[in-house]
Amino acid sequence: MKKPVKTIDVKPKIPEALKALLVLSENLWFVWNYDAADLFQRMNPDLWEETRENPVEFLGRLRQTEMEALAKDEGFLAHLERVKREIDRYTSERPNHDIYGDANREFTAVYLTAECGIARCLSIYSGGLGVLSGDHLKSASDLNLPIIGLSLAYQKGYFRQYLTQDGWQMETYPKNNFTVLPMSVIRDAEGKPIRVSLDLKGEEVQIQAWRVNIGRTTLYLLDTNVGDNSETARTITSELYSGDRETRIRQEIVLGMGGVRMLKRLGLDPSVYHMNEGHSAFTIFERVRQLQIDQGLGFEEALEFVRATSIFTTHTPVPEGNETFHPDLMRSYFEPVANSLGINFNILMGFGRQDPRNKDEAFNMTVLALRLSAFSNAVSRLHGKVSRTMWQNVWPNTPEIDIPVVHITNGVHIPSWISKEMGENYYRYLGPRWIEDPDNIKVWERIEKIPDTELWRSHEQCRTRLVSFTRKRLRDQMMKRGVPNRELVKADEVLNSQTLTIGFARRFAPYKRAQLILRDLARLTKIVTNEKFPVQIVFAGKAHPQNTEGKEIIKHLIQIASQEDLRRHVVFLEDYDIEMARYMVQGVDVWLNTPRRPLEACGTSGMKAVANGALHLSVLDGWWEEGYDRDIGWAIGGGEEYQEHEFQDDLESRALYDILEKDVVPLFYNRGPDGLPREWLAMVKSSLHRLCPVFNTHRMVEEYWERFYVPAAHQGFLMMENNWELVRSLASWGRQIMYNWGDVRVEATRMEEVSAIEVGKSYHVEADVYLGDLLPHDIVAEVYYGRLDSSDYFIERFTHVMNKTDSIGDHRYRYQCEIQFNDSGHFGLNIRITPNHPNPERRHAMGLVVWAHQ
């Protein structure tokens, strides 16, 4: 078939009375505003569903006669006016200047992410990381914080899942038609698409950008599928997480380096760059290059500034999950980059290696971001500990507790995930503005005001809706597989709207252990088929296309769910996405999570279920290690970690069955004379009260803003003053430190010769330190002390800065101090010397440390 010589987009003719629909269709605010979503749905419910809740395509396909009828419908017009008035109020509010804190001037932060899950219709996400990114930007909008997003516009997005007759996962990649999505190409004053270019191995690749409005926030999507590019270049942004290494590095160059160029071309100058995972870390090199060109800074000076204004979040708890590139592949793309930066290629490679001197080591994007960010964080408390252990080789002489990786626990954007019924309860009893203040603990204290009858009725409606949705999706799945019509009736027999419902939905990776609850099939069958107190389980999730083991788990689950005695109680739903996730988290009674600790970085699906009144049942991993209390949910095990996986799975599966049989099922079915499970509802209210104000993205984004964004912007502003005076002096000081650090040593220590001391008494410590060509103000000398374990390793640590008291000649100085032990126990002491970096966050990140006893 011949291709057209001209393409043109024909827009719907909207009656004047309905013009506000155009404004509403161009902003994804409707995703978390039920009144706005209901407005579109009431126009034509079937078409709204058919277009996957895409308002642009929806309006384009709505018949003109329907438009004209709506323009005369007074009820609809009143609804439209109400929604338009609300979005105008929402988008017109300006940020409060107080948010800038110590920065004391307005600034913007950019959030870079390889995927972003905002709406059902915009398929540019694969799972939890993308959905978290979307929730991050939605909360930024609600909080009215000047944060913009930057990602890639994938033509195919992530795959759609379907199963063969025997349960084997297959993948299709339907294309996104951006012209009928709520996004628009960014054009210049003459109407031409704004473009930037990158040199990729000698080929000039053109990049254009799309704008997506998310409430008060903007997401920019980079796209190489433009006519001037070669076919190879056009496919760079074709597929999310392509397995081809060449395509992956090209994608990440476009996201990181192309993203910086596009922001500059658009006239945007973010003060802070937040890299969400390592995919965007090439941002660092392009920012340095631009500072060299635009400001005349040297490489080290530019790097000092970029480091001070960069933030990095790691989400991966295993080394294999971090993006790496072979040295040969890196050389083919980055040798010219190194030349443009004025550095040797091996120097550039060293930034991405745990051992910079190992020329055979692959280039690791996480290591690059860790080394060159002022602030780095994991996404839960436990994940912080795991990350510090995992990346200790980047700072080999630094104790694990001092590795510069902290944690900010993930959250969810509650308004996006709660049911309409729960939203109405919150609006009525928490107050009409709760939606913009969901991290306020006092707001959630009002949860007790919701009558049990209303809370239970709301949840039962959601469970009934989940059952209906499941039956319809199962019927559709069966029809696609060619199941005979007489067999389709089986889809209508699954689940029961009055039965205790458990949900399990996540990526089907082996460590997620979806199969744990299937381990003892006889015992599970007895639990779910109990005539008096039945249980049902809804599974969903995708395996990575190249993960055969994950696909085998799905196949095994399908075969079990097909057994005659289980098929009404155990269901697997194909093609898990945002829509299905909403039905599940809103309709289940219990959310099940069974990862192999400590491999769950955080996990947020359970938070979504909790906000809808479900109770959480999980291994103590990720966020549940922080959130769990026996009054608000259940824990499988006590936080143990095992080397023998078979033993662990056997032990924890039995614990899971015990919890279901002895705790969950009896509590759910324990009904009072009015038919209400009062004790269950009391537990639900406690869960809502204690978990929702903490595990939400409003709290999370505010934490990023206050702990990272504002200090980074403030430091950046200071560095730019007086023609970059501070950044030049810091770079010079850093060179001096690096050049002379090898000479620094602790030559002698003097401590009181006692084997025991009473709590609270002073203890005198002295040290003689040789500094070479460095001066006392260049270093910090500390007593490093704390309780020891049985092997004499520190299990906690305290530090006390020592004072220089004497110069003892020949570059030697005496330091001393008095410390106190405030608790009893077996303690150890050492002397630690670190650089006295003016920016405290950078002191340990330099990786330079000298101990009295190495």
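1. In this predicted model, Thr-499 is found in the loop that joins α20 (485–488) to β15 (500–505). Its relative accessible area is 6%, and because buried means under 20%, Thr-499 counts as buried.

2. The surroundings of Thr-499 come from several parts of the chain. Neighbours within four places in sequence aside, Thr-499 contacts Arg-463, Pro-534, Val-535, Gln-536, Asp-589, Phe-668 and Tyr-669. The C-alpha atom of Thr-499 is also 9.4 Å from that of His-569, although 70 residues separate the two along the chain.

3. Helix α21 (residues 521–528) packs with helix α26 (residues 645–669) at an angle of about 15°, and their axes lie 11 Å apart. Angles under 35 degrees count as roughly parallel, and α21 and α26 are therefore roughly parallel to each other. Their crossing is left-handed.

4. On the α21 side, this contact is made by Arg-523, Leu-524 and Ile-527; α26 contributes Arg-654, Tyr-657, Asp-658, Leu-660 and Glu-661. By class, the residues of the contact comprise 4 nonpolar and 4 charged, with no polar ones.

5. The largest nonpolar core has 148 residues, and the members touching the most others are Phe-282, Phe-334 and Tyr-709. Helix α28 (residues 697–740) gives the most to this core, supplying 14 residues. A separate core of 102 residues lies apart from it and includes Val-131, Ile-418, Met-478 and Ala-514.

6. Which residues does Phe-282 touch, not counting those up to four places away in sequence? They are Ile-249, Glu-252, Ile-253, Gly-256, Met-257, Phe-325, Met-330, Phe-334, Phe-363, Met-365 and Leu-368.

Conventions. Residues numbered from 1 in each chain as written. Predicted model: local features only at pLDDT ≥ 70, side-chain atom pairs only at ≥ 80, totals over all residues. Heavy atoms only, no water. Core = buried A, V, L, I, M, F, W, Y, C linked by side-chain atoms within 4.5 Å. Buried < 20%, exposed > 50% of the residue type's maximum accessible area, 1.4 Å probe, protein only. Helix = DSSP H or I, 4+ residues; strand = E, 2+ residues; numbered from the N terminus. Contact = heavy atoms within 4.5 Å. Axes fitted to C-alpha atoms, helices over the stretch in contact; angles between N-to-C directions. Parallel < 35°, antiparallel > 145°, perpendicular 65-115°, else oblique. Left-handed = near helix turned anticlockwise from the far one by under 90°. Nonpolar A, V, L, I, M, F, W, Y, C, P; charged D, E, K, R; others polar.
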